[in-house]
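These are my notes from an afternoon of looking things up in one structure. I put the sequence and the model on the page before the entries.

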Amino acid sequence: MSLPNSENASTLENAMQLMIQTFHKYSGNEGDKYTLSKAELKEMLTTELGNYLGNPQDKEAVDKVMGELDSNGDGEVDFTEFIFLVGALTVACNKFFLEFNQKPAKEK
Ligand SMILES: [Ca+2]
Ligand SMILES: [Ca+2]
């Protein structure tokens with residue numbers, strides 16, 4: 001598979017490339033280069049998703065996210081597991097967006 005260069009890429013293709021780049025920005029910090037350890041996951045959640053998730057400073061919150069994402073139980077979050085999180089959050093955002101737009105204008 002060859003990635004198109006970003007000048008020609010569509011908006012969605014750009015978004016996909018950004019998801020890949022974002023994952024690898026954090027996954028390469030320690031241990032396996034291609035998976036997120038708990039510390040890497042925490043940094044990614046705090047830095048990239050702080051606006052949506054709040055700051056997951058307490059260890060339990062990170063443990064919970066890790067437990068939910070780590071479907072193969074290896075204690076690390078791989079790219080497939082990461083995309084599941086992004087997909088689930090995107091679905092939640094879309095619902096919020098639809099509800100927001102369905103409200104009568106005066107309630108906005
Ligand atoms: Ca890693
Ligand atoms: Ca895993």
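Entry 1, a glutamate pair. I began with glutamate 30, which is partly exposed at a relative accessible area of 39%. I kept in mind that the model is predicted. Next I looked up glutamate 40, and it counts as buried because its relative accessibility is 2%, where the limit for buried is under 20%.

Which protein donors does the calcium ion (ligand 2) have? I listed Asp70 (OD), Asn72 (OD1), Asp74 (OD), Glu76 (O), Glu81 (OE) and Glu81 (OE), which lie 2.2 to 2.6 Å from the ion. For this ion I noted the donor spacing in sequence as D-x1-N-x1-D-x1-E-x4-E. The site of ligand 2 is irregular, with angles of 51 to 157 degrees among its six donor atoms. Asparagine 72 is partly exposed at 48% relative accessibility, and aspartate 74 is partly exposed with a relative accessible area of 42%.

The largest nonpolar core here holds 15 residues, and Leu36, Leu41, Met44, Val77, Phe82 and Leu85 have the most contacts inside it. Helices H1 (11–27), H2 (38–48), H4 (59–69) and H5 (79–102) each supply at least two residues of this core. H5 gives the most, with four residues. Leaving out residues up to four places away in sequence, methionine 44 touches Tyr26, Leu36, Leu49, Phe82 and Leu85.

How many aromatic pairs does the structure hold? I recorded four. One of them joins phenylalanine 79 and phenylalanine 82: the ring centres are 5.8 Å apart and the planes stand at 40 degrees, so the pair is tilted. Both residues lie in helix H5, three residues apart, about one turn of the helix. Is phenylalanine 82 buried or exposed? Phenylalanine 82 is buried, with a relative accessible area of 4%, whereas phenylalanine 79 is partly exposed at 28%. I also noted that ring pairs link Phe23, Phe79 and Phe82 into a cluster.

Phenylalanine 96 and phenylalanine 100 make a stacked aromatic pair, with 6.4 Å from centre to centre and 25 degrees between the planes. They are four residues apart in helix H5, so about one helical turn separates them. I finished with their accessibility: phenylalanine 96 is exposed, with a relative accessible area of 58%, and phenylalanine 100 is partly exposed at 39% relative accessibility.

Key. Residues numbered from 1 in each chain as written. Chains lettered and ligands numbered in written order. Predicted model: local features only at pLDDT ≥ 70, side-chain atom pairs only at ≥ 80, totals over all residues. Heavy atoms only, no water. Core = buried A, V, L, I, M, F, W, Y, C linked by side-chain atoms within 4.5 Å. Buried < 20%, exposed > 50% of the residue type's maximum accessible area, 1.4 Å probe, protein only. Contact = heavy atoms within 4.5 Å. Donors = N, O, S within 2.8 Å, 3.2 Å for Na, K, Ca; no water. Tetrahedral: all angles 85-135°; square planar, octahedral: opposite > 155°, others 65-115°. Phe/Tyr/Trp six-rings, centres within 6.5 Å; stacked < 30°, edge-to-face > 60°.
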